[in-house]
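Trainee: I would like to go through the terms used for this model. Please set each label against its cut-off.
Mentor: Fine. Here it is.

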Amino acid sequence: MSDIGEIRQSAIGAASTGDLETCRSYLGRLDVPNHERAWIYCQLSEALYHKGSHDVAVECARSAFDLQPEKEEIANLCAWVFSNCGEHEEAAAAYEQLLAIRPYWATGHRHASGSFAAAGQLDRAISHGRKASDLEPHSFEFALHAACLLETVGRPAQAAYYLVRAAALDPADAEVLRHLSATLLALEQSEQAVALALRAVALAPADRLNALHATELLLRTNRYDEAAAIILEVVDIHRQDPVALRLLSATQMLRGLTEDALAAIDRALDLSPEAAEYHLHRANLLYRLGRLDEAAEGFSRSAALDPSNPDAKRSQLTVYFDSGRFSEALAIGGELIRTSPDNEEYGRAILQVLHRRFEMLDGDYVVLSDRPLRLRPELQLRPTFFAALQTQLRVIYALMIRETRTRLADSKLGYGWALLEPVLHILMLSLVFAVMMRGRPPIGDKFFIFYYTGIIPYHLFVHASSSMTNAVSSSAPLLQLPLVSTFDVIMARGLVEVLTDMMVAIILLAGFFALGIGLLPHDLPALSASVVAVSLFGCGIGFINAVINAFFKSWDKIWAQLTRALYFCSGIFYVPGMMPDWIRDILAWNPILHAVDWFRSSFFPEYEPHWLDRSYLAIVAAVSVAAGLCIERGLRRHLYEPL
Amino acid sequence: MITLDGVSKVYRTRSGRRTVLDNVSVTFEAGQNFGVLGGNGAGKSTLIRLIAGSEIPDFGIVRRYARVSFPLGFGGTFHGALSGRENVSFVARIYGAGLRGVLHYVEEFSELGEYLHMPVNTYSAGMRARLAFATCLALDFDLYLIDEVTEVGDQRFRQKCAEAFRERMQRSDIILVTHNIHTLRQYCDRGAILANGELTLFDDIDTALGRYHRMVQESL
């Protein structure tokens, strides 16, 4: 026994000096009681820790803690060793063990919180941290610790509670004020946040973090000049601080001093040339200054340094777009849409580029090409009804423009004739009949207006129907274009004539007013209806004429004679009421006579001819349009011989 | 892709009826360039116009699953009294292409300069052809129809045309009618022979040329 007693004694002595070998020979024995074994491990661990053998110290502490975790001194020492050796999880477990024994030990909660925080278990760290501060509300450090943890996990309201506690304990601590300011900002109380930040700066003017924080807050609340005052001071002290310079650049940018901002970010980039965000910011400044090429380079640099950030690429697209480099913009757009295919904004941006590119030329021989994104038309067997309609309207519009242009180009008089013809007509009629009738027209008291109301409907009909007659033969070359059909060229002509005559009618009426002999129609709907009806009639007959002319080449000359005869049968320079009844009954078969009387009656309220049959003109017009369109469609392929 | 489905076309001439296509059903696939061979008067130009849609077949139907050009270099739509610009604008409007883009391209390509603002009947034949060529290239067609490549302008301009065309052929297909065997070999992957109302497609241009050569010799 004495032998054992000796060994035991030497082991206890060796433990306090950290002599592992001597202890092992004793601990290797089976009959050592657990409490003694744990105690020796404990001693060893402490000694070994002091000697600097941390790994072995941790091993020993582990053994001790496993053997007797419920013993206060052992748990205490083990927690201390674990915590100092970076074994935070085990340290936390040991502290929890201790706290099970002494639940109201504030410092223990603080230690446990620290260990849990270091081990990454923030929830338990926070619960211990809060307990520590609540148990010991007068501890400034405990309150600050709890607040910082709460701030980290984004619970600003609770963080603010502990920060207020800390601030009450030490109102002059700038760091607490800064944290409180940040939490208030998170709680959207920006005014108070700014006030606190400014107080923090006032308390510790040399503190870089405080100043940066205050500057950021001031920028957020649009107080740029105050921000500038603070950040300039910081930059003055910390000349080699890229973060401060970046902030200075932002401040100057917001103050509108773009050049100064550029100088600041250049200094920042000298200090840390690899910062993608700095390049992005610098490129944005260059873009603002209109230095597009440099901006584009900056954006691409930033994108290269940080490929995961799409902002640089998006801005690059804008710069390329603005500087007219559409191919490059499109390439960037392609990359963007590949990385995030669902982003609508990118899609819109690309479409914008494509549209612009469609309108403008870019580069050498690439014209109007939006192939990369366009589905090949193979997929669509037939154009939809609306697409076809759109194409047809476009073609007719193009033909109309061409028609008016050629008219202008063909003769020196051009459109002058369109106006001159009715004017001369009316003048002549007025002169002749003013003499014959001794001063009074059949209706109203103005010769000009009376003849005007005869000539306009007549011209609407005759011009449209005559001009459409040889539309096909005179537009034969255009029919070589597959998109242009005979219908289109005939229709375009008719529309040009009708629109021209309508313009002429309006101009003439305005002219009458200018001369002081104007008269406004009293019944505008009737006026419009008669104009529409006679125009339709003219177009319908025009279609029929165009078809006849294709088979019977002299038809246009015969038609010209017929219209001349029509001139005398349409009541242009007389009123049918002046005729004997039997003649009037024959003349009433002439739809143009009804058109003239309809038009005329919309000007003169007292003129209400009983023979006027509006529906007759309407029906004849509808039938002629239907017939014209039908025979044009049916005989289309025979209307012209290809060149 | 262009399909002819039971297409017939007959012309009445002074010497009687002349059948250009007799119940022809073929498919010109997308992504391939065709060269059409045939004797004089066999109806190659009519075939091109049928494909373009500027002529309607007597029977059958031509389906176009692509934007098909009018025959390259066709200047028939030009109105002598209108300026080059106005004429180009007209064609661009017809095809719904952006006016600015087309005009800019034509300005650059045709090298007509101030003449673009002058009436077309003041142009020489070469200038007209340049304008027509530029207009056709300015519009982005999927399939270009070429009926006898007309040589336009001087050596340098021809070079420019060839380059522009080569670039365009990366995106667009062509159907080419020419007697120039060198041109056919250079541009076409596949051949077609039009004779006696029949249109026969061949998988490669050399086979078509060989067959055509034999046909010509037999008929002599």
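Trainee: How many residues of chain A are in contact with chain B, and with how many residues there?
Mentor: 33 residues of chain A are in contact with 38 residues of chain B. Contact is a C-beta criterion: two residues qualify if their C-beta atoms, placed from the backbone, lie within 7 Å. This is a predicted model; local features need pLDDT of at least 70, side-chain atom pairs count only at pLDDT 80 or more, and totals for chains, interfaces and linings use all residues. Residues are numbered from 1 along each chain as its sequence is written, while chains are lettered from A and ligands numbered from 1 in the order in which they are written.

Trainee: Which helix gives the largest share of the side of chain A that touches chain B?
Mentor: α22(A), with 11 residues. Helices (H or I, at least four residues) and strands (E, at least two) are DSSP runs, numbered from the N terminus. By class, that side of chain A has 21 nonpolar, 4 polar and 8 charged residues. Ala, Val, Leu, Ile, Met, Phe, Trp, Tyr, Cys and Pro count as nonpolar, Asp, Glu, Lys and Arg as charged, and the others, Gly among them, as polar.

Trainee: How many helices and strands does chain A have?
Mentor: 31 helices and 0 strands. Buried residues make up 42% of its 643 residues.

Trainee: What makes Leu289(A) partly exposed?
Mentor: Leu289(A) has 14 other C-beta atoms within 10 Å. Buried takes 20 or more within that distance, exposed 12 or fewer, and partly exposed is in between, with C-beta atoms placed from the backbone. A count of 14 falls in between, so Leu289(A) is partly exposed. It is found in the loop between α17 (276-288) and α18 (292-305) of chain A.

Trainee: Why are α13(A) and α15(A) called roughly parallel?
Mentor: Their axes come within 11 Å and cross at roughly 20 degrees. Axes are lines fitted to C-alpha atoms, for helices over the stretch in contact, and angles run from 0 to 180 degrees between N-to-C directions. Under 35 degrees counts as roughly parallel, over 145 as roughly antiparallel, 65 to 115 as roughly perpendicular and the rest as oblique. The pair is therefore roughly parallel. The contact residues divide into 7 nonpolar, 2 polar and 1 charged.

Trainee: And what makes α15(A) roughly antiparallel to α16(A)?
Mentor: The axes of α15(A) and α16(A) cross at roughly 165 degrees and come within 7 Å. That angle makes the two roughly antiparallel. The crossing is left-handed: the near helix is turned anticlockwise from the far one by less than a right angle, whereas clockwise would be right-handed. Here the contact residues divide into 9 nonpolar, 3 polar and 3 charged.

Trainee: Over to chain B. In what order do the strands of the open sheet run?
Mentor: β5-β6-β3-β7-β8, with mixed pairing. The edge strands are β5 (143-147) and β8 (198-202) of chain B, each pairing on one side only.

Trainee: How do you know that β3(B) and β6(B) pair?
Mentor: 3 bridges join β3(B) to β6(B), and the two run parallel. Two strands pair if DSSP finds at least two bridges between them. With 3 bridges, β3(B) and β6(B) therefore pair. One of the bridge partners: Gly35(B) goes with Leu176(B) in β6(B).

Trainee: Which helix packs on the sheet?
Mentor: α7 (residues 205-219) of chain B, touching β3, β7 and β8 of chain B. Its direction makes about 25 degrees with that of β7(B).
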